[in-house]
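Open the model in your viewer and keep the selection panel at hand.

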Amino acid sequence: MGNILNQIGIENYIFLSVVLFCIGIFGVLYRRNAIIVFMSIEIMLNAVNLLFVAFSTYHQDAQGQVFVFFSMAVAAAEVAVGLAILVSIFRNLGSISIDSLKNLKG
Amino acid sequence: MDTNLALILVLTPLLGFLVNVFFGKSLGKTVSGAIGTIAVAISFVVSLLLFNQITSTGKGIQVTLFDWIQISNLKINLGFLLDQLSVLWLLFVTGIGSLIHLYSISYMHDDENMHKFFAYLNLFIFFMITLVIGSNLLVLFIGWEGVGLCSYLLIGFWHKNQNYNDAAKKAFIMNRIGDLGLLIGMFIIGSMFSTLDYATLQTAVAGASDLNSPLLSLAALCLFIGACGKSAQIPLYTWLPDAMAGPTPVSALIHAATMVTAGIFMVTRLNFVFDAAHDVQNVIAIIGGITSLVAATIGLVQTDIKKVLAYSTVSQLGLMFLALGFGAYEVAVFHVITHAFFKACLFLGSGSVIHGLHGEQDMRKMGGLRKAMPITFWTMLISSLAISGVPFFSGFFSKDEILMTAFHHNISLYVVGSIASIMTAFYMFRLMFLTFFKEFRGTEEQKHHLHESGSLITIPLIILAILATFGGLISLPGNSWLNEYLAPLFSKAAGEEHHLGTTEYTLMGVAVLGGILGILIAYIKYFKQDNVPESDENITGLSKVLYNKYYVDEAYDAVFVQPINSLSKFFRDYIETGLSALVFGLGKVTNEIAFQGKKLQSGSIGLYLFVFVLGMCAIISYIFLAQ
Amino acid sequence: MIHIPDFAHATTVQVIFCFLAFITVITAFLTIFSRNPIHSAIYLVICFFSIAGHYLLLNSQFLAVVHIIVYSGAIMILFLFTIMLMNLNEQREVHRPRITRLGAIVSFCLIVIVLITIFINSKPIVGGYDSTGEDFQSIQVLGKILLNEYMVPFEFASILLLVAMIGTVLLSKKEKLNNK
Amino acid sequence: MNVSTILIILLIGAFATYFSGDKLSSKVALLFSLAALGCSILLLNNYNAGENISLITSWINQPKISFALNADGLAMAMVLLTAALTPIIIFSSFGNEYKNAKAFYGLILFMAFAMTGTFLASDGLLYYIFWELALVPIYFIALIWGNGDAEERRKAVVKFFIYTLAGSLFMLTAFIYLSQKANGSFLIEDLYKLNLSACEQFWIFLAFFLAYAIKIPLIPFHTWQANVYQKAPTVGTMLLSGIMLKMGLYSVIRWQLPLAPIAAKEYMYVFIALGIAGVIYGSIVALRQNDLKKLLAYSSLAHVGLIAAGSYTLTLDGLRGAVLQMIAHGFVVVGLFFAAEVIFRRFETREIAEMGGIRTQSPKFTSMFLILVLASVALPSTFNFVGEFTVLYSLSQINIWFAVLGGTTIILGAYYMLRMFQHVMLGETNSKTFADVSLNEGISFAVIIAVLLFFGFYPKPITDLITPSLETILQVINKN
């Protein structure tokens with residue numbers, strides 16, 4: 001079989017991940033629920049991962065995929081820690097709305 | 001040998017000063033006075049030796065001690081030049097100085113700081129000698145400022161009185177204005193001729209191609225400003241009358257006989273420069289004439305005995321500058337010498353009167369002192385006759401020569417000078433009549449204590465009176481020893497000899513008549529009609545203007561002193577605070593930015609994210625779109 | 001230039017791509033817009049599945065499998081657990097003020113425009129998509145690379161995961177420790 | 001033996017003083033400062049004998065900084081000034097009690113160390129380090145042992161610190177730029193050799209100017225001066241006005257002019273005018289000051305203005321006069337501030353209005369003070385006259401009006417100094433008792449006065465010492 005990108009084109013993957021990424025950003029900005037914000041971040045991460053894989057195929061090189069592995073590991077760790085933090089915030093404040101997190105005020 | 005003599009000449013007064021400063025108090029009054037007097041007397045003796053040497057050889061002595069200041073195109077030595085002019089000056093400075101020291105032993109005997117007085121007097125003599133014998137302008141400048149300093153110290157000798165201190169300060173600052181002129185003059189001369197040494201300067205000026213250049217004129221003008229300050233000429237004369245705050249011997253020595261003639265000395269010394277700048281000579285003559293007239297008019301109505309003498313001094317100095325302006329240097333020098341004699345005598349006489357009256361200086365409270373103080377009276381009378389130009393006294397010859405020179409050059413200045421002379425005769429005899437004739441107008445207690453002063457006071461008076469009488473002999477018209485003596489100094493033949501023709505005799509007659517007229521008016525007004533000047537409040541009209549010295553002091557105060565003071569206040573209160581606020585403002589702005597920046601950290605995560613995204617957009621577009 | 005799929009003569013692969021892309025974008029949007037966090041989580045799972053589909057399409061099977069295990073499996077379960085633990089529902093979230101929403105929309109549009117402009121302006125890709133035929137993404141190859149070239153980062157990743165695990169336990173247990 | 005000896009003595013002295021305890025510290029400090037003076041005289045002797053007393057060793061490799069101390073005549077003169085003034089300053093403080101004296105005297109010696117280093121350093125960065133190092137001790141001296149309200153003092157001192165520091169940063173920038181041009185070398189010889197364009201020189205000149213104008217200070221950068229002088233303890237004021245100001249002036253001659261000669265020539269008139277404006281402005285502001293130390297501060301502003309104007313003339317006379325005047329002013333200003341301190345010890349005030357009538361009670365002090373006042377107004381036969389005359393002469397060679405305007409210092413200086421003298425010393429006897437000077441105080445005054453009078457009549461030794469190095473600097477300036 002030939003290269004799959006001959007039929008789809010790398011541009012389309014780029015567009016797809018851009019859109020996905022922007023949706024993630026939009027979610028981060030739009031929602032105040034910390035969990036949803038977290039989900040948006042995951043979407044953004046996945047958009048990047050997708051691009052990595054697409055280019056990995058494009059270059060016929062495994063390194064992009066290896067990177068995605070690490071990125072997944074980091075994402076997993078991040079989600080675990082992040083959610084733990086959210087839980088303890090929820091315990092303390094009774095809310096996970098990011099508007100209530102004003103302790104960073106200078 | 002010459003070096004040693006010169007050093008003895010200079011250093012003896014300095015030694016006297018040092019001894020009196022460090023040990024004066026423990027030595028006792030008489031001893032410290034004696035030390036002071038002897039120190040000056042030694043200088044006088046040395047001066048006589050030098051004079052002897054100069055007259056026999058006819059050549060000046062140049063002594064170089066060591067390099068002083070190095071400037072690229074100038075090398076200034078600390079050196080002395082002893083020639084005809086400086087030795088002549090030395091003679092009367094140390095001579096009169098010795099007499100006045102002698103006089104002061106008695107006069108200042110009641111003062112607790114007498115040793116200091118003698119220390120200052122000796123210091124003055126030291127600086128005056130330095131001024132006179134310096135071999136270049138900068139050494140002259142040491143003496144020039146040094147005598148100013150001594151004048152400051154001595155005017156403010158009674159330092160508890162702030163008015164006296166004000167007068168002292170005023171004298172110093174006025175002198176410094178002149179000194180700036182002198183300095184600038186020196187700078188110009190230095191850059192033009194690359195020397196400040198008199199001898200080299202003379203050859204350089206003589207060899208200069210473009211005489212009468214504006215730069216040289218400017219230099220001469222600046223030097224003349226210096227002379228104005230020191231010799232109390234318009235516009236810098238106002239310090240001299242105020243300087244009468246000092247003890248009377250000081251007025252006699254510094255403010256009549258010696259220091260104030262330094263300006264004339266300097267101009268005479270640099271005669272070759274002034275000869276090359278005719279415009280400036282005219283300025284000098286005009287200023288001299290005006291000063292003599294203005295000062296004489298003020299002198300007409302003064303009631304303080306020393307103030308009268310002070311204005312008389314200013315007026316006489318004006319006459320000397322009149323002569324200088326016409327290039328008749330030897331005539332001016334002649335008048336300096338005779339004036340030193342009779343004015344010193346007058347001041348010392350007035351000092352004797354004041355001493356006798358325990359500090360009273362107002363002539364309205366004197367009178368009838370003739371009987372109580374005969375020696376003082378006769379010596380002062382002789383000096384008054386001399387200053388008024390009565391024939392065969394010294395002042396007659398010198399003043400007559402000045403007027404004659406003026407007549408030959410400029411009639412209007414001659415008229416001005418003559419009027420000033422008539423006025424001089426008038427106010428001097430006004431002084432005599434008010435002080436010595438009629439009845440005593442002071443308190444009973446003063447009358448009771450009236451007595452002639454001691455011999456230490458009267459001996460100098462007598463000597464000076466004799467000199468005032470016969471001093472004119474050194475330069476008789478037509479047969480002048482002085483002119484011949486000074487001839488080597490001047491480029492042109494020493495003074496165009498006055499052919500004693502009809503004109504000259506007429507002029508002499510006119511001068512004599514004028515003098516006698518002045519005396520007569522004074523006689524009628526103050527002896528016959530028995531007038532006594534009115535008390536201060538009752539003075540009106542023109543006399544009020546004159547009595548208040550044309551309000552010149554007030555004008556200076558309003559035009560110079562007050563603006564500078566308000567400027568200073570303005571600078572201090574507004575500019576300084578403004579600049580300070582500007583600097584602090586920089587700090588405040590930083591602070592404010594930080595404070596506002598702190599507010600940006602609201603803690604709102606939404607806002608942070610929003611800004612983060614915007615920033616990311618900006619960065620990405622910069623990286624990818626800017627190219 | 002943008003490669004516009006010709007739908008009339010679309011190949012199977014193209015059709016699958018379009019379909020997957022459509023699902024991905026739609027579910028992503030739904031994740032963000034649904035009020036109920038649980039719905040969001042469900043949509044996200046679908047989104048992740050579609051991304052795994054993309055991976056498969058790109059012939060990286062192993063990655064697709066790992067993706068499903070990690071994301072759809074582990075992470076999403078974590079999310080759901082958390083949501084349920086907190087007992088969140090749609091009423092709890094108050095809507096943001098209008099200005100914030102406007103700002104979000106503006107910045108969204110902005111970044112979309114910026115990124116798209118960049119890609120339009122960037123140089124077109126030169127050359128075709130040649131395939132060397134060499135195997136580069138099979139499990140074998142990846143395993144070799146991971147354990148040879150990327151040995152150290154790989155071990156670090158494991159440490160990271162360990163640390164994250166410990167941290168998570170500590171964070172969620174902290175309250176109890178304080179209470180004791 | 002080379003010049004580093006004196007630095008070592010001062011540095012060891014600073015630590016020895018600190019560890020000798022509060023009671024002994026003043027004496028130890030005096031001892032070490034005298035040792036430094038002796039050492040500097042010895043060095044001068046060696047220098048005059050033609051011995052090479054400079055030192056260059058590499059210090060830091062990346063960036064390339066050498067520990068280079070260059071002692072030419074000019075630097076030696078300034079080192080001597082520092083070494084001579086430090087013992088006088090320390091000795092003058094013997095009448096005061098300071099808490100934590102060991103730190104106080106240690107800091108004085110440390111400051112002397114840093115300032116000596118500044119004068120000697122011939123590597124740009126080393127020079128900069130010493131330059132900033134000198135700022136630290138004076139900051140603490142003024143802050144901890146100063147007088148007046150603590151809050152105001154802190155404000156004034158911090159302003160001074162930040163202000164001068166900010167100025168020097170520009171200098172550092174200039175140095176870094178220069179060293180880039182000179183292949184990473186900071187050595188002054190290499191920097192002298194650079195051929196910079198007029199534009200580059202302009203910016204470098206400006207950067208240096210900011211640093212020096214604040215330090216010297218020239219108007220309008222002088223606002224820190226009066227307040228700090230007033231608030232600092234008198235010892236600190238003496239260090240500042242006597243030596244530290246000279247650092248700025250010295251650096252103008254050593255660094256600023258030779259490194260940017262084209263710019264210096266181009267903008268000569270501007271900077272001379274600025275200096276002269278400082279003369280007039282300082283004099284006028286000094287007229288109406290009520291605080292004795294502030295008045296002296298403004299008089300100092302006027303004098304350094306004249307010195308700066310002399311330096312910017314770029315003539316041998318101007319530079320020479322400036323250096324002479326620097327030394328003379330160093331001595332006289334220390335003497336004057338000491339006089340203010342002597343009065344303060346007795347009257348506990350610095351307000352001129354509360355003084356007066358001292359002369360009747362203490363003739364000796366009056367005489368000494370008067371001599372210092374007269375020296376400050378440059379009476380001929382004092383050292384100050386030699387300097388002032390030379391500077392004014394050089395100004396007159398540039399333009400006669402500069403000399404006239406600069407010469408107003410002769411009149412205005414006399415005005416404010418004599419006015420001050422009149423109100424402080426003369427008048428009715430003061431109701432408060434004023435003991436005449438003690439032996440210690442008398443010695444300090446006598447030394448200063450002796451120096452001023454001796455060099456007033458015989459400045460040749462100093463002139464001969466500084467002239468060759470000034471000529472070298474002028475050659476660098478005029479190389480194009």
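**Stops on the tour**

Select Ala344(B) and Ile108(D): these have the most contacts inside the largest nonpolar core, which has 415 residues. Such a core is a set of buried Ala, Val, Leu, Ile, Met, Phe, Trp, Tyr and Cys residues joined through C-beta atoms within 7 Å; buried means that 20 or more other C-beta atoms, placed from the backbone, lie within 10 Å of the residue's own. Helix H15 (residues 316-347) of chain D gives the largest share of this core, 18 residues. Because domain 1 (1-202 + 222-269) and domain 2 (274-530) of chain B both contribute residues, the core lies between them. Those bounds come from an automatic or database domain assignment.

This is a predicted model, in which local features need pLDDT of at least 70 and side-chain atom pairs count only at pLDDT 80 or more, while totals for chains, interfaces and linings use all residues. Residues are numbered from 1 along each chain as its sequence is written, and chains are lettered from A and ligands numbered from 1 in the order in which they are written.

Stay on Ile108(D) and show Ala29(D), Ile90(D), Val235(D) and Leu239(D), which Ile108(D) touches, leaving aside residues up to four places away in sequence. Contact means C-beta atoms, placed from the backbone, within 7 Å.

Next, select Ala75(A), Ala21(C), Ala52(C) and Phe79(C), which are included in a second, separate core of 77 residues.

Now colour chains A and C: their contact takes 64 residues from chain A and 74 residues from chain C. On the chain A side, H4(A) gives the most, with 21 residues. Helices here are DSSP runs (H or I, at least four residues), numbered from the N terminus.

How values were computed. Contact = placed C-beta atoms within 7 Å. Helix = DSSP H or I, 4+ residues; strand = E, 2+ residues; numbered from the N terminus. Buried ≥ 20, exposed ≤ 12 C-beta atoms within 10 Å, placed from the backbone.
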